[in-house]
Amino acid sequence: MVTFVSTPVDDPVAQGMLAEYFAERDATFPHTGAYRAVFPDPPRFRPPAGDFVIGYDDETEIGLGCGGVRRIDDEQAGDAGPLARFEIKHLWVRPDARGRGLGRLLLGELETRAARMGARIAVLDTNESLEAAGALYRSAGYAAVDPYNDNPNATHWFRKVLPVAS
């Protein structure tokens, strides 16, 4: 089992996991030396503006993966008015923990937390080299959209309407 724990992005454990994530992306990025790592801004990943979570193995208490969600500009929905839009960032699972469905669990946890903070829309970006990530997002109901940001690492952008939190 996995337990998800809200963790400040400037916490040493979170910083360590993010450093591992950025190092892996840098080493595997299609254009060597072109990956731009940007550590998350702490206030943007604290409720109610956002959240950052680490998934811990319940038996070993080792961090297996992490990810964050943060509110960005609202999306206009015609006569319905603005809809709160949150962005999923830095979703990552340690290589030795992959293949067990943790990425899907983590994505669902981030969506749930975003919805509890009022999100109606979730967006995210990824790079085409991350084929498994793209497949996960599509299978979780994300649809391709035009770019919503200028992330130089991204080649694909996605959007999903979230259910209203209960």
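Reader: Leaving aside its neighbours within four places in sequence, which residues is Arg 94 in contact with?
Author: This is a predicted model. Arg 94 is in contact with Met 17, Glu 20, Ile 62, Gly 63, Leu 64 and Gly 65, with neighbours within four places left out. Contact here means heavy atoms within 4.5 Å.

Reader: Where is Arg 94 found?
Author: Arg 94 is in the loop between strand E4 (82-93) and helix H2 (102-116).

Reader: What makes the pair of Arg 94 and Gly 63 a polar contact?
Author: The distance limit is 3.5 Å. A polar atom of the Arg 94 side chain lies 2.4 Å from the backbone oxygen of Gly 63. That value is within the limit, so the pair counts as a polar contact.

Reader: Why is Gly 63 called buried?
Author: Buried means under 20% relative accessible area. Gly 63 has 9% relative accessibility, so it counts as buried. Gly 63 is found in strand E3.

Reader: Which residues is Gly 63 in contact with, leaving aside its neighbours within four places in sequence?
Author: They are Met 17, Ile 54, Gly 55, Tyr 56 and Arg 94. Gly 63 and Met 17 are 46 residues apart along the chain. Their C-alpha atoms are separated by 8.0 Å.

Reader: How do you know that the span of helix H1 is close to the expected one?
Author: Helix H1 (residues 12-28) has 17 residues. From its first C-alpha to its last, H1 reaches 24 Å. The expected span, at 1.5 Å a residue, is 24 Å.

Reader: Which residues of H1 are buried?
Author: Ala 14, Met 17, Leu 18, Tyr 21, Phe 22 and Arg 25 are buried in H1.

Reader: Why do you say that the buried residues of H1 line one face of the helix?
Author: Look down the axis of H1. The buried residues fall within an arc of 135 degrees, so they line one face. They pack against strand E2 (50-57), strand E3 (63-76) and E4. On the other side of H1, Pro 12 and Ala 27 are exposed.

Reader: What makes Asp 11 a cap for H1?
Author: Asp 11 caps the N-terminal end of H1. A side-chain oxygen of Asp 11 lies 2.8 Å from the backbone nitrogen of Val 13.

Reader: What is the volume of the largest pocket?
Author: The largest pocket has a volume of about 1000 Å³. Of the 47 residues that line this pocket, the closest to its centre are Tyr 21, Leu 91, Thr 126, Leu 130 and Tyr 137. E4 supplies the largest share of the lining, seven residues.

Reader: Why is Glu 61 called exposed?
Author: Exposed means over 50%. Glu 61 has 63% relative accessibility, so it counts as exposed. Glu 61 lies in the loop between E2 and E3.

Reader: What is the phi of Glu 61, and what is that of His 90?
Author: Glu 61 has a positive phi of about 60 degrees. His 90 has a positive phi of about 55 degrees. Neither Glu 61 nor His 90 is a glycine. Most residues other than glycine have a negative phi.

Reader: Is His 90 buried or exposed?
Author: At 11% relative accessibility, His 90 counts as buried. His 90 is found in strand E4.

Reader: Which peptide bond is cis, with omega near 5 degrees?
Author: The bond from Pro 47 to Pro 48 is cis. Pro 48 is found in the loop between H1 and E2. Most peptide bonds are trans.

Note on methods
Residues are numbered from 1 along each chain as its sequence is written. This is a predicted model: local features need pLDDT of at least 70, side-chain atom pairs count only at pLDDT 80 or more; totals for chains, interfaces and linings use all residues. Side-chain values use heavy atoms; hydrogens and water are left out. Helices (H or I, at least four residues) and strands (E, at least two) are DSSP runs, numbered from the N terminus. A polar contact is a pair of N or O atoms within 3.5 Å; within protein, one must be able to donate a hydrogen and the other to accept it, and residues adjacent in sequence count only if both atoms are side-chain atoms. The expected span of a helix is 1.5 Å times one less than its number of residues. Buried means under 20% relative accessible area, exposed over 50%, partly exposed in between (1.4 Å probe, protein chains only). The arc is that of the directions from the helix axis to the C-beta atoms. On a 1 Å grid over the protein atoms alone, a cavity is a set of points where a 1.4 Å probe fits but cannot get out, and a pocket is an open set with protein on both sides within 12 Å along at least five of seven lines; lining residues have an atom within 4 Å of a point. Grid points are joined across faces, edges and corners, and a volume is the space filled by probe spheres set on the points.
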